[in-house]
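Hi,

Here is the structure for you to look through. Please open it first, then read my notes below.

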Amino acid sequence: MASSVGVDDYALTRVPDRARYSWWSVAVQRFGQVSALSQFLLGATLGFGMDFWQALLALTLGAVVLELVAILVGVIGVREGLSTSMLARWTGFGRAGSALIGLAIAISLIGWFGIQSAVSARGLVTLVGGLPEWAWSLAFGLLVTAIVLRGFRSMAWTAYLTVPAFLALIAWSIGSELLHHDLGALMTSAPPGPRLSLLEGTTLVAGGFMVGALITPDMTRFNRTTSDVVKQTLIGITLGEYVIGLSGVLLAHAAGTDDVTAIITSSVGWVGILVILLGTVKVNDWNLYSSGLGLVNFVGTVFGKQLNRGVATAVFGVIGSALAAAGILEQFSGFLTVLGVVFPPIGGIMVAEYFVVRRWRRELDESRSRQTVPEEAPNWVPATLVIWVVSALVGGLVGIGLPSLNSLLLAFVLYAVAGKLGLVHGVGGKPSATDLARTT
């Protein structure tokens, strides 16, 4: 019965060449990921606590960090055709470590799923009524779950329909509000709320899409070339951060609030319903999709059972909707701050292992030529766990520089140095081909 639930979508295997898509098909989904209501929420949060030019700088610095992570791990994804949590087995974390990452990604993305659903439910209660907020959250979550059950192809068609419609409607809502204000005055006005520092703002930006950047292989494994990854990342993240983020900044200054639902619906009435619906569908499908992949890897590694991706999707869809009903939106800023320092080290370690240390690169190269997955991987890599914890703590506690960038670069440097010193070794499982070569 479980095997008939949805499409498995190569959850634990490489995506074959015949199942790859044009860069445009993937790019539309990438842009849909970034240009979402959560990005308005982020922009409004920045605008409520920063002036326009400070917010612009925060968005720029945050976007650079995100693009750096997304492109590098995305290239690994397109080369290997594997999801983030699967790749982690041979990019520094081992089987158990990759299971831990898969679970962490799944939990964080379910948090995002809840945030998006809560934004939608709050707007629908205000504009439509009829059901309480928790009921709208559940209804909307089940709608997105139904889309994700059908896999990448279903999500691609959803993006083709929702992205253009969302952009057109959001342009209408923004224009309707800003026409009543002097744009120059908004760009020079003081923030209406408590001030945010540049470091705080940039950390919010980086945290706002850091998990999305880290799970880039979940998407780029369906690409055909590395140039496709670069193009779609630069276009999607840059436009998403600037167009949607800066619009949120200006609207927060114009409305004097960081309440996204109130901002969007204040001047366009029923059109706000469509904006909310489209804005949530086109990003929440990827939140749910990648969380399901993380859970499949976790269950397969820890319990030795092959969990169908559709079953994982259905379970997490219900959990995410319940989180929305429980009020996860109220913890938005704190949620982003944590993500901004905990997840960047994962990307730094994966990139350092794949491109610099290459302890398990031979296994990936040999199996790729056969379109299979390496049979063996270490269970744990102790040095990796130490580096991950140290880098996250430094990013969160050191008050100099940008926390997310600090943790990312520190993890990269520490792992590269540890690898060159011969300190990166797996525990459990069979030794890597590199280790065997060193002993012969």
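With which residue does aspartate 228 form a salt bridge? The partner is lysine 231, and the closest N and O atoms are 3.7 Å apart. A salt bridge here is a side-chain nitrogen of Lys or Arg within 4 Å of a carboxyl oxygen of Asp or Glu. In general, side chains of opposite charge can pair when their charged atoms come close.

Before going on, some ground rules. This is a predicted model: local features need pLDDT of at least 70, side-chain atom pairs count only at pLDDT 80 or more, and totals for chains, interfaces and linings use all residues. Residues are numbered from 1 along each chain as its sequence is written, and side-chain values use heavy atoms, with hydrogens and water left out.

**The overall chain**

The protein chain has 20 helices and 0 strands. These are DSSP runs, numbered from the N terminus: helices are H or I with at least four residues, strands are E with at least two. Of the 440 residues, 59% are buried. Buried means under 20% relative accessible area, exposed means over 50%, and partly exposed lies in between (1.4 Å probe, protein chains only). Now for contacts, meaning heavy atoms within 4.5 Å. Among those between residues at least 6 apart in sequence, 88% join residues at least 24 apart.

**The salt bridges**

The structure holds 5 salt bridges. Back to the pair from my question. Aspartate 228 and lysine 231 both sit in helix α11 (residues 226-255). They are 3 residues apart, about one turn of the helix. Aspartate 228 has 8% relative accessibility, so it counts as buried. Lysine 231 is partly exposed, at 35%.

Next, arginine 14 and glutamate 80. Their closest N and O atoms are 2.8 Å apart, and they form a salt bridge. This pair links distant parts of the chain, 66 residues apart. Arginine 14 is in the segment before α1 (23-34), while glutamate 80 is in helix α3 (residues 52-80). Both residues are buried.

Then there is arginine 361, which forms a salt bridge with aspartate 365. Here the closest N and O atoms are 3.2 Å apart. The two lie 4 residues apart in helix α17 (residues 361-369), so about one helical turn separates them. Arginine 361 is buried, with a relative accessible area of 9%. Aspartate 365 is at 25%, so it counts as partly exposed. Salt bridges that share partners join Arg14, Glu80, Arg361, Asp365 and Arg368 into one network.

Best wishes
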